[in-house]
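Let's take a walk through this protein together. Have a look at the sequence and the model first, and then we'll go through them piece by piece.

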Amino acid sequence: RESDITGIFDRSVLKINLLNISPNPTSDILHIQLNQNSKQNGTILIYSTSDSKLVKTVKVINQNEIDISVNNLISGIYILEFNNGSSKSSSKFVVEK
């Protein structure tokens with residue numbers, strides 16, 4: 001049975017992913033492509049999901065593609081967050097050794 005639903009559309013709930021990461025899973029280098037037409041400034045933070053600790057910080061200065069070495073990270077699931085001051089985007093990735 002179909003039902004009509006009436007409500008308020010809240011645009012703030014929409015989340016636009018500003019980054020693509022590859023390869024995923026990885027063991028050595030993580031390639032990050034920022035989905036913007038112009039080069040970006042901001043910060044990349046990498047968190048461990050096992051204990052929520054910040055494990056790496058990378059400054060992004062006038063770039064839209066970044067390669068980050070993750071060969072010092074142990075096997076596991078991590079969250080990568082990019083923050084350019086006006087928006088944030090995050091994605092999970094896996095390190096396999």
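## The parts list

Strands here are DSSP runs of E with at least two residues, and helices are H or I runs of at least four, both numbered from the N terminus. With that in hand, the count is simple: this predicted model has seven strands and zero helices in its protein chain. Start at the N terminus and you read β-β-β-β-β-β-β.

The chain has 97 residues, and 29% of them count as buried. Its accessible surface comes to about 6800 Å², with carbon and sulfur atoms making up 48% of that.

## The sheet

Which strands line up side by side? Four of them make an open sheet, in the order β4-β3-β6-β7, with antiparallel pairing. On the edges sit β4 and β7, each pairing on one side only. Going from one strand to the next, the twist averages 20°.

Zoom in on β3 and β6: this antiparallel pair is joined over six bridges. Here I44 stands opposite F82 in β6.

Nonpolar side chains tend to be buried together in soluble globular proteins. In this model, the largest nonpolar core has 18 residues, and I32, I44, I46, I68, L80 and F93 have the most contacts inside it. The elements giving two or more residues to this core include β1 (19-22), β2 (29-34) and β5 (65-69).

What does I32 touch, leaving aside its neighbours within four places in sequence? Its partners include L19, I21, I44, I66, I68 and L80, along with N20, N64 and E65.

Across the chain, contacts with a separation of 6 or more follow a pattern too: 51% of them are between residues 24 or more positions apart.

Terms used
Residues are numbered from 1 along each chain as its sequence is written. This is a predicted model: local features need pLDDT of at least 70, side-chain atom pairs count only at pLDDT 80 or more; totals for chains, interfaces and linings use all residues. Side-chain values use heavy atoms; hydrogens and water are left out. A nonpolar core is a set of buried Ala, Val, Leu, Ile, Met, Phe, Trp, Tyr and Cys residues joined through side-chain atoms within 4.5 Å. Buried means under 20% relative accessible area, exposed over 50%, partly exposed in between (1.4 Å probe, protein chains only). Contact means heavy atoms within 4.5 Å. Accessible areas come from the Shrake-Rupley method with a 1.4 Å probe; for residues, only the protein chains shown count as cover. Two strands pair if DSSP finds at least two bridges between them. Axes are lines fitted to C-alpha atoms, for helices over the stretch in contact, and angles run from 0 to 180 degrees between N-to-C directions.
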